[in-house]
Amino acid sequence: MGSGWSSEEERQPLLGPGLGPAPGTAWRSREAAAAAAAALPAAAGSPGRVYGRRWLVLLLFSLLGFAQGLVWNTWGPIQNSARQAYGFSSWDIALLVLWGPIGFLPCFAFMWLLDKRGLRITVLLTSFLMVLGTGLRCIPISDLMLKRRLIHGGQLLNGLAGPTVMNAAPFLSTTWFSADERATATAIASMLSYLGGACAFLVGPLVVPAPNGTSPLLASENSRAHIKDRIETVLYAEFGVVCLLFSATLAYFPTRPPLPPSVAAASQRLSYRRSFCRLLSNLRFLMIALAYAIPLGVFAGWSGVLDLILTPVHVSQIDAGWIGFWSIVGGCVVGIAMARFADFIRGMLKLILLLLFSGATLSSTWFTLTCLNSITHLPLTTVTLYASCILLGVFLNSSIPIFFELFVETVYPVPEGITCGVVTFLSNMFMGVLLFFLTFYHTVYGRTTSLPVGSPSTLGMIFG
């Protein structure tokens, strides 16, 4: 990324005489770079090399994203239990989720670090912040006020890890993977963070019992001490997982392979300052960025407090957890499949996104009309809630890797980390606005929140 990739002498044998961009210029697109690589004479050798260790690097990064998503979504699925164990208020529950988008405020500092120092330093810093955050939540203390503050501090530190695990996936795929594997690698690295959030919907309600009134468990099992003990079991387990991943990345996580996998990976990129100028002056990029940020940001915040939202329609903590789990898991599976399909068929990214967001619009409308059954008289059943929420998650979450590829192609040669950092920053700002609004109006908004999720972005993609 940038001039730090390699020296000019190291690049010359790879690019070959007369085949690279002229001094002071850059490739117009990654496809152009790939075409130039295909035109290399046989004497020049292969345009790049891929290493088997790339899958280990991808696995470590993906697991780190998984853990960050798991920690971020710890409290939403068990909000009723957390209220009884620690005395959390509605504001506390929303704020615990809100620390995720707040952690994106220094996003541009992490983008600069990724651009200047590479993957290893950035990933090590990110994993260390996660160790500190999960460790703070595990400090044994009897003062509930201080305990709540430590939990909030831990969630903030984990939120500061978000910019790297959500932004660096395209940069990692370009650095380590060939052109025909890039979209798939981006999808795996970006989707695992969402899969971690999905597993929180499963782990929390299954391990932590719900208080009386939301689950038919015995009163003796629902005592405050018992619930608190089970929550702390979850916190200690998450701390152990994060420590293990930090040790693994410290032991082995190289910045880059010895040789780049393609000409596009080795080519010169724009500087940090010029990249922002290019992004802010590109109207097409800004339209696509809003088409991504508004629905995905709203849906991410909506999913983080799904139990809070569905409580007014008498959905139990466990049912809300299963709904959130399957909606995200379905999106991850379909997203990886879509990315693999996009690796072989180029030029159809916009059409794929239009189809996905059309389905999201229909699903969100179905969910909203079902929840407004007092007006629409549509049946409100477990089947309709499961089906509409899961379809909404599948259509929206599966669009994420396709969006990332479209962003990178649109503004190349802007570095991938900067491009995706800008759009995820916007997405988290919209998430923060929603969560702030839900703090005061969660009962009413829980019945109407899904309607605008799909339609604005569908229109943005049509007219973009």
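**Helices, burial and aromatic pairs in a predicted model**

The protein has 23 helices and zero strands, where helices (H or I, at least four residues) and strands (E, at least two) are DSSP runs numbered from the N terminus. The model is predicted, so that local features need pLDDT of at least 70 and side-chain atom pairs count only at pLDDT 80 or more, while totals for chains, interfaces and linings use all residues. Residues are numbered from 1 along each chain as its sequence is written, and side-chain values use heavy atoms, with hydrogens and water left out.

Of the 464 residues in the protein, 59% are buried; buried means under 20% relative accessible area, exposed over 50%, and partly exposed in between (1.4 Å probe, protein chains only). Contact is defined as heavy atoms within 4.5 Å. Among contacts between residues at least 6 apart in sequence, 84% join residues at least 24 apart.

Helix α5 (residues 90-102) contains 13 residues. Its span from first C-alpha to last is 18 Å, close to the 18 Å expected at 1.5 Å a residue; the expected span is 1.5 Å times one less than the number of residues. A kink of about 35° is centred on L96 in α5, the bend at a residue being the angle between axes fitted to the seven residues ending there and the seven starting there. Because 11 of its 13 residues are buried, α5 is largely enclosed by the rest of the structure. L96 is one of these buried residues, which also include W99 and P101.

P140 is found in the loop between α7 (119-137) and α8 (144-160). P140 counts as exposed because its relative accessibility is 68%. The C-alpha atom of P140 is separated by 9.2 Å from that of E232, although the two residues are 92 residues apart along the chain.

Rings of Phe, Tyr and Trp (its six-membered ring) pair if their centres lie within 6.5 Å; planes under 30 degrees apart count as stacked, over 60 as edge-to-face and the rest as tilted. The count by this rule is 16 aromatic pairs. One of them, F285 with F407, is edge-to-face, at 5.9 Å centre to centre and 70° between the planes. F285 lies in helix α15 (residues 283-304) and F407 in helix α21 (residues 400-411), 122 residues apart. Y292 and F407 also form an edge-to-face pair, with 5.6 Å centre to centre and 85° between the planes. Y292 lies in helix α15 and F407 in helix α21, so this pair ties together parts that are 115 residues apart in sequence. Both Y292 and F407 are buried. Ring pairs link F285, Y292, F357, F403, F404 and F407 into a cluster.
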